[in-house]
Amino acid sequence: RVATVDRFLFSDDSRSTLGTGLSAARNNFAGMASSVAGYFGGGFLTTSTVDRFLFSDDSRTTLGTGLSAARQGVAGMASADAGYFGGGQEASYVATVDRFLFSNDSRTTLGTGLSAARRYLAGMASSTAGYFGGGAEAAAPYHVATVDRFLFSDDSRTTLGTGLSAARYYLGGMASADAGYFAGGYISPSYVATVDRFLFSNDSRTTLGTGLSAARGRLAGMASADAGYFGGGIESSTNVATVDRFLFSDDSRSTLGTGLSAARQGVAGMASS
């Protein structure tokens, strides 16, 4: 496990590595962001820590209050006003969704959590709702295609009638203004390159004709206004530094000439505007 934080400048996709990384080395954590700062929460070794990176100078602070309990295998997503960390594993799998209000970083825990306890899921969000998709549950059939939707106006939860194109966990998520994407993951006995796209106007799902550049899981997603990125992960039994970029105008995929600063899995992503 490492504390490394790589930063990609959207104007030219150049990469730098922050002089200060996470407050401690960890994996299986989650990321989300406001307009002014990004947050990384939870992870293994199992922790409740939430680190906050101010976008103006990339300085890091650690919130006085972290997650409501130490857990790993969580997912993150955010509205304009608050960020959410959902699911994961404590002593057992949980359905918990913690909400952090960006104005003061205070934490509340939603009265309704996920539709079931699960870990290794992914998150993404539109301007009006956040989505937690896929993951692994403790009982058969274990990995699921479920997508839970949280309406930001009142934090109410619904479960989409159509979920992922196949049940899987260890996937990544990111979103444009118009659609959200869940990519990669593990379907026993192998990783997949699948990218599912959910149109926010009606929550309909399509699967991109071109998926990731290779089948992999334990990857992370983040997005600019123009393109989404899926980075890192594991292919078969090999960690990778690959970063795939999907242009939102036509969903075409390219792979960055420079990837992560080192091959690694169990990563998390978030982005500034």
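This briefing describes pockets, aromatic pairs, selected residues and backbone features of the structure above.

The model is predicted: local features need pLDDT of at least 70, side-chain atom pairs count only at pLDDT 80 or more, and totals for chains, interfaces and linings use all residues. Residues are numbered from 1 along each chain as its sequence is written, and side-chain values use heavy atoms, with hydrogens and water left out. Helices (H or I, at least four residues) and strands (E, at least two) are DSSP runs, numbered from the N terminus.

**Pockets**

- Rolling a probe the size of a water molecule over the atoms shows where empty space is left.
- On a 1 Å grid over the protein atoms alone, a cavity is a set of points where a 1.4 Å probe fits but cannot get out, whereas a pocket is an open set with protein on both sides within 12 Å along at least five of seven lines; lining residues have an atom within 4 Å of a point.
- The largest pocket has a volume of about 1100 Å³, where volume is the space filled by probe spheres set on the points, and grid points are joined across faces, edges and corners.
- Its lining comprises 49 residues, and those nearest the centre of the largest pocket are Ala-125, Met-174, Ala-175, Met-222 and Ala-223.
- Two or more lining residues of the largest pocket come from each of strands E3 (30–33), E7 (75–78), E11 (122–125), E15 (172–175) and E21.
- By class, the lining of the largest pocket has 29 nonpolar residues, 19 polar and one charged; Ala, Val, Leu, Ile, Met, Phe, Trp, Tyr, Cys and Pro count as nonpolar, Asp, Glu, Lys and Arg as charged, and the others, Gly among them, as polar.
- The second largest pocket has a volume of about 740 Å³.
- This second largest pocket is lined by 38 residues, with Val-5, Asp-6, Arg-7, Phe-40 and Met-270 closest to its centre.
- Strand E1 (6–9), E21 and E22 each supply at least two residues to the lining of the second largest pocket, and E1 gives the most, with four residues.
- The lining of the second largest pocket divides into 22 nonpolar, 10 polar and six charged residues.

**Aromatic pairs**

- A pair of aromatic rings is described by the distance of the centres and the angle of the planes.
- The whole structure contains 16 aromatic pairs; rings of Phe, Tyr and Trp (its six-membered ring) pair if their centres lie within 6.5 Å, and planes under 30 degrees apart count as stacked, over 60 as edge-to-face and the rest as tilted.
- Phe-182 and Phe-198 form an edge-to-face pair, with 6.0 Å from centre to centre and 75° between the planes.
- Phe-182 belongs to strand E16 (residues 179–183) and Phe-198 to strand E19 (residues 195–199), so the pair ties together parts that are 16 residues apart in sequence.
- Both Phe-182 and Phe-198 are buried; buried means under 20% relative accessible area, exposed over 50%, and partly exposed in between (1.4 Å probe, protein chains only).
- One aromatic cluster is formed by Tyr-120, Tyr-169, Tyr-170, Tyr-186 and Tyr-191.

**Two serines in loops**

- Ser-224 lies in the loop between strand E21 (220–223) and strand E22 (227–231), and Ser-224 is buried at a relative accessible area of 14%.
- A polar atom of the Ser-224 side chain lies 3.1 Å from the backbone nitrogen of Asp-226.
- Leaving aside neighbours within four places in sequence, Ser-224 is in contact (heavy atoms within 4.5 Å) with Phe-10, Tyr-229 and Phe-248.
- Ser-34 lies in the loop between E3 and strand E4 (37–41), and Ser-34 is buried at a relative accessible area of 10%.
- The Ser-34 side chain reaches the backbone nitrogen of Val-36 at 3.1 Å.
- Apart from neighbours within four places in sequence, Ser-34 is in contact with Tyr-39, Phe-55 and Phe-102.

**Backbone features**

- A cis peptide bond with omega of about 10° joins Phe-44 and Leu-45, and Leu-45 is in the loop between E4 and strand E5 (50–54).
- Another cis peptide bond joins Ala-140 and Pro-141, with omega of about 10°; Pro-141 lies in the loop between strand E12 (129–133) and strand E13 (147–151).
- Asp-203, a residue other than glycine, has a positive phi near 60° and is buried at 15% relative accessibility.
- Ser-236 has a positive phi near 55° and is exposed at 61% relative accessibility.

Methods:
Polar contact = N/O pair within 3.5 Å; in protein donor to acceptor, adjacent residues only side chain to side chain.
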